[in-house]
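Hi,

Here's the structure I said I'd pass along. Have a look at it first, and then read on for what turned up.

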Amino acid sequence: MTYHPKSEFMRVMIERGFLADCTDYQGLDEALIQGVVPGYIGFDATAKSLHVGSLIQIMMLRWLQKTGHKPITLMGGGTTKVGDPSFRADERPLLTPAAIDANIDGIKQVFAKYISYDDGPTGALMLNNAEWLDDLNYLDFLRDIGRHFSVNRMLSFESVKSRLDREQSLSFLEFNYMILQAYDFLELNRRYGCLVQFGGSDQWGNIVNGIDLTRRVLDHEIYGLTSPLLTTSDGKKMGKSAQGAIWLNADMLSPYEFWQFWRNTTDADVGRFLKLYTELPLDECDRLGALQGSEINDAKVILANEVTTLCHGAEAAAAAEATAREVFEKGGVGDDLPTLTLSAAELGDGISIVQLITRSGLAKSGKEAKRLIAENGARMNDEPLTDAGLMIDAAALAQPIKLSAGKKRHALVTLDG
């Protein structure tokens, strides 16, 4: 990257590692110097929460606002009815309007922690593309918008091509998605003066479509900026773990488990993640990321605390760190550990240790739990578990039981009442 930006926002994007590509570096940079630039990211409402994979985009909007510009969070109330086919092997299940609205309510809670929705010139806007998509007249849309799209060109986009190359069905419904996303950008420009769309690099084709469409219909110059698709240094997709998605809403993943995800970052990723997911100064990110041996663990705690504070608040971060210290350093039982509470009826005459390990989320199946025990990876109250046939009864649960899988994953089992 040889371009030297004049605007603070572009400088942050480049220096902290947010930038994969831009449709016009200089044009966007000039616009950012001249006044408040509204920029948007679209989020489809396919779940009640976003996960860590979306956090890089949320941080981009946060930096946009911090550097004096206006973030727009666009909820895909309309486009979720179609489903983005990008880089998927199958069609997304279609959701009911009620399910989409419930998901949007859940997702809104996340944004309010990272950006400020107020009436000021840089106050964020929360919009829903159902506002303009729900009432479209199909024939008018085909005539006014559809005529600007070349099917030949749409077939050349990587997200479509990869499906066709594998001879997997791509429905006409999904094929329309990129036209709708392009139309979103046009409408946001027309209604709100939006000048830039952000997205992961897999959205490049969709973003360019919107820029072309807006140029043809309104003769306006707008921009696209993409972030890298993040994988961890061991090649895993960011936002997923062995236990599933790392959700940003506390009711879908406890702040302790969220904190633990960041604390378990591999050494090689610490410096990069500090730059992307915290607001620590760059030289501090570099210093912490370069630590060696056991000192890098201190950097991971700082990373976990900073990211958890942004997402769940300083109290939740402090509680998570205290619980972790109690569990790891003292071998105690922390208050915030994921907890499985059994009723007396569930317990009956006893329950197998394999069932407890599975139900507490430390293993995905009974088979995996048995393998964990066979390979000496399971512990109960910090003592190795060797008998996969062990039964736990009410007497054993007079005190909460702490189960562990490996060194870093723990859960409590308690008896209700």
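D21 has T226 of strand 6 as its bridge partner. That's part of the antiparallel pairing between strand 1 (residues 21-22) and strand 6, which spans two bridges. Bear in mind that this is a predicted model.

Strand 6 has another neighbour too: strand 5 (residues 196-200) runs parallel to strand 6, and five bridges join them. In that pairing, F198 sits opposite L225 of strand 6.

So which way do the residues of strand 6 point? Y223, L225 and S227 go one way, while G224 and T226 go the other, and all of them are buried. With five of the five residues in strand 6 (residues 223-227) buried, the strand is largely enclosed by the rest of the structure.

On to the helices. The axes of helix 12 (residues 255-263) and helix 15 (residues 295-312) come within 8 Å and cross at roughly 140 degrees. Angles over 145 degrees would count as roughly antiparallel, so this pair is oblique instead. The crossing of helix 12 past helix 15 is right-handed.

Who makes the contact? On the helix 12 side you'll find P255, F258, W259, W262 and R263. Helix 15 brings in N297, K300, V301, L303, A304, N305, V307, T308, C311 and H312.

Cheers

Technical notes
Residues numbered from 1 in each chain as written. Predicted model: local features only at pLDDT ≥ 70, side-chain atom pairs only at ≥ 80, totals over all residues. Heavy atoms only, no water. Axes fitted to C-alpha atoms, helices over the stretch in contact; angles between N-to-C directions. Helix = DSSP H or I, 4+ residues; strand = E, 2+ residues; numbered from the N terminus. Parallel < 35°, antiparallel > 145°, perpendicular 65-115°, else oblique. Left-handed = near helix turned anticlockwise from the far one by under 90°. Contact = heavy atoms within 4.5 Å. Buried < 20%, exposed > 50% of the residue type's maximum accessible area, 1.4 Å probe, protein only. Pairing = 2+ DSSP bridges.
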